[in-house]
Every structure is written in C-alpha cells, then in structure tokens.
Amino acid sequence: ITNYTYNIIPLVTSQVQSYAEGNVKVVPNPFSDFTRFIFTNKSRNTKATISIFDVTGKLVDEVRNISGNSYEYRNDQLTEQLYFYKVFDEEKQLGVGKLIIKK
C-alpha cells in the first residue's frame with residue numbers, strides 16, 4: 001500500500017490576446033512580428049526604456065528613449081519562446097511581465 005497524492009494542473013491556453021502586469025499593457029501577446037507596449041503611468045516629460053530578457057535572465061534586447069505613451073515593438077531577432085520584460089522611465093519602474101513569441 002502506498003500513499004495517495006494529489007496533483008493540480010493549471011489550465012494553460014494560447015488564446016490570450018493581451019497581457020498586462022503593473023501599469024504596462026502588451027497587445028497582442030502572444031505575438032510573432034510586432035506588439036504594442038502601452039504605458040499607463042509614464043511621466044509626461046520622461047523617456048522610457050524596455051528591457052527584454054530570456055528565461056535565463058540574459059538581456060536579449062533593449063529599446064531606449066521612448067517618449068510617447070506607447071511603443072510598437074518589432075521582432076527582428078528573437079526566437080519563438082517565453083521572454084520577460086521590464087519597463088522603466090527616468091523616475092520609476094513602470095511594469096514587468098511576460099512576452100510570448102509564437103511564429
């Protein structure tokens with residue numbers, strides 16, 4: 001006789017259209033060629049930076065000097081997988097989250 005175990009398996013779906021964490025919204029996410037970062041709490045006269053990291057924490061792309069409240073990110077070099085992003089301006093961190101690139 002062995003002990004009983006219980007496993008809880010979360011439902012994962014790939015039909016997600018947007019993913020918002022903190023005060024940054026990424027639409028669409030997952031994406032293949034481009035997505036839009038929308039900043040809801042960026043200070044008016046500051047420039048934002050988007051840093052993108054792979055699953056090991058290595059910085060794989062960075063976009064600096066974003067002056068508007070949104071930015072269209074074009075995927076020219078990243079492969080199909082999960083990434084993490086961090087968005088900050090000159091005053092504070094605006095948000096962090098996940099990016100899913102799906103070809």
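This is a predicted model: local features need pLDDT of at least 70, side-chain atom pairs count only at pLDDT 80 or more; totals for chains, interfaces and linings use all residues.

Modeller: Residues are numbered from 1 along each chain as its sequence is written, and side-chain values use heavy atoms, with hydrogens and water left out.

Biologist: How many helices and strands does the protein have?

Modeller: Helices (H or I, at least four residues) and strands (E, at least two) are DSSP runs, numbered from the N terminus. Here there are 0 helices and 8 strands.

Biologist: Which strand order does the open sheet have?

Modeller: Two strands pair if DSSP finds at least two bridges between them. The open sheet of 4 strands has the order β5-β4-β7-β8, with antiparallel pairing. Its edge strands, β5 and β8 (93-100), each pair on one side only.

Biologist: How many bridges join β4 to β5?

Modeller: Strand β4 (residues 48-53) and strand β5 (residues 59-66) run antiparallel and are joined by 5 bridges; I50 has V63 in β5 as its bridge partner. Their hairpin has 5 residues between the strands, and G57 there takes a positive phi near 95°.

Biologist: How many bridges pair β7 with β8?

Modeller: Strand β7 (residues 82-88) pairs with β8 over 7 bridges in the antiparallel sense, and the partner of K86 in β8 is V96.

Biologist: What percentage of the residues count as buried?

Modeller: Buried means under 20% relative accessible area (1.4 Å probe, protein chains only). Of the 103 residues, 31% count as buried.

Key: Buried means under 20% relative accessible area, exposed over 50%, partly exposed in between (1.4 Å probe, protein chains only).
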